[in-house]
Amino acid sequence: KWDTSVLTAGWGKTIGKKLNMRYETTYSRYIYGKEYENIAKNSLDARFLIFSADRTIGAEIETSYIFGENSAFNTALSLLGNINIVNFNKKNTLSFQPKVTVYLGQENIELYLIKYNIYRPYIEYYNDKVFDMFYTQLNLPFNLSLKDVDIEMGYNLNFPNKIGGETNLKNTSFYNVAMRYAFDL
């Protein structure tokens, strides 16, 4: 069922002698299907990508400042591929673009200790700010490019990393659909 929509606007530029590098900055606004407490609804992102000369493999680093009711920084490191399935012509293609991303970031976690006094046990809560790997994501999207419009449909698998005293973390998965329009300024 629907959980989240993201509206994003940004600017980017392709650079390098072989035009195989790109930098981008974006702002994103998150719209959730239900209300969550203490959730950040905005992000400012900076991204740098580099591709092989034939653009079939690449790497990406992205750093984000997430803000709203709370704020945090995170970084994503990715390896990505681009496998052309069909070239209708130079500007119209269907491709498979797998991507593996490791998400690192800062998070406030609430922990507790069970302590004992003379009469009985009691619980003492405290917050700890940690920087760790949150999870790894495998993204398996198909991308249909029609001139300046991209339509993406994909399947995603998340593999969480235990942080602090977390237990019973389960792998999750979801489908994604995205539409992008690019225009020159």
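Colleague: How many bridges pair E3 with strand E4?

Modeller: Keep in mind that this is a predicted model. E3 covers residues 40-51, and E4 covers residues 57-68. The two pair in the antiparallel sense, and the number of bridges is 11.

Colleague: Which residue in E4 is the bridge partner of Phe-51?

Modeller: Phe-51 is in E3, which spans residues 40-51. Its partner must be looked for in E4. That bridge partner is Gly-58.

Colleague: Which residue takes a positive phi in the hairpin of E3 and E4?

Modeller: The hairpin has five residues between the strands. One of its residues has a phi near 60 degrees. That residue is Arg-55.

Colleague: Where does Arg-55 lie, and at what distance from the ring centre?

Modeller: Arg-55 belongs to the hairpin of E3 and E4. Arg-55 lies over the face of Phe-51. The distance from the ring centre is 4.6 Å.

Colleague: What stands opposite Thr-26 in E3?

Modeller: E2 covers residues 21-32. E2 and E3 pair in the antiparallel sense over nine bridges. Opposite Thr-26 stands Asp-45.

Colleague: How many aromatic pairs are there?

Modeller: Ring centres must lie within 6.5 Å to count as a pair. By this rule the count is seven.

Colleague: Are the planes of Trp-11 and Tyr-23 stacked, edge-to-face or tilted?

Modeller: The ring centres are 5.7 Å apart. Stacked needs planes under 30 degrees apart, and edge-to-face needs over 60. Here the angle is 55 degrees, so the pair is tilted.

Colleague: How many residues apart in sequence are the parts that Trp-11 and Tyr-23 tie together?

Modeller: Trp-11 lies in strand E1, residues 4-15. Tyr-23 lies in strand E2. The pair therefore ties together parts whose separation in sequence is 12 residues.

Colleague: Tyr-155 and Tyr-175 also form an aromatic pair. Which strands hold them?

Modeller: This pair is tilted, with 5.1 Å centre to centre and 55 degrees between the planes. It links distant parts of the chain, 20 residues apart. Tyr-155 is in strand E10, and Tyr-175 is in strand E11.

Colleague: Is Tyr-175 buried or exposed?

Modeller: Exposed means over 50% relative accessible area. Tyr-155 has 27%, so Tyr-155 is partly exposed. Tyr-175 has 68%, so Tyr-175 is exposed.

Colleague: Which residues do ring pairs link into a cluster?

Modeller: Look for rings joined by ring pairs. The cluster is made of Tyr-65, Phe-67 and Phe-73.

Note on methods. Residues are numbered from 1 along each chain as its sequence is written. This is a predicted model: local features need pLDDT of at least 70, side-chain atom pairs count only at pLDDT 80 or more; totals for chains, interfaces and linings use all residues. Side-chain values use heavy atoms; hydrogens and water are left out. Rings of Phe, Tyr and Trp (its six-membered ring) pair if their centres lie within 6.5 Å; planes under 30 degrees apart count as stacked, over 60 as edge-to-face and the rest as tilted. Helices (H or I, at least four residues) and strands (E, at least two) are DSSP runs, numbered from the N terminus. Buried means under 20% relative accessible area, exposed over 50%, partly exposed in between (1.4 Å probe, protein chains only). A charge sits over a ring if NZ of Lys or CZ of Arg is within 6 Å of the ring centre and within 35 degrees of the ring normal. Two strands pair if DSSP finds at least two bridges between them.
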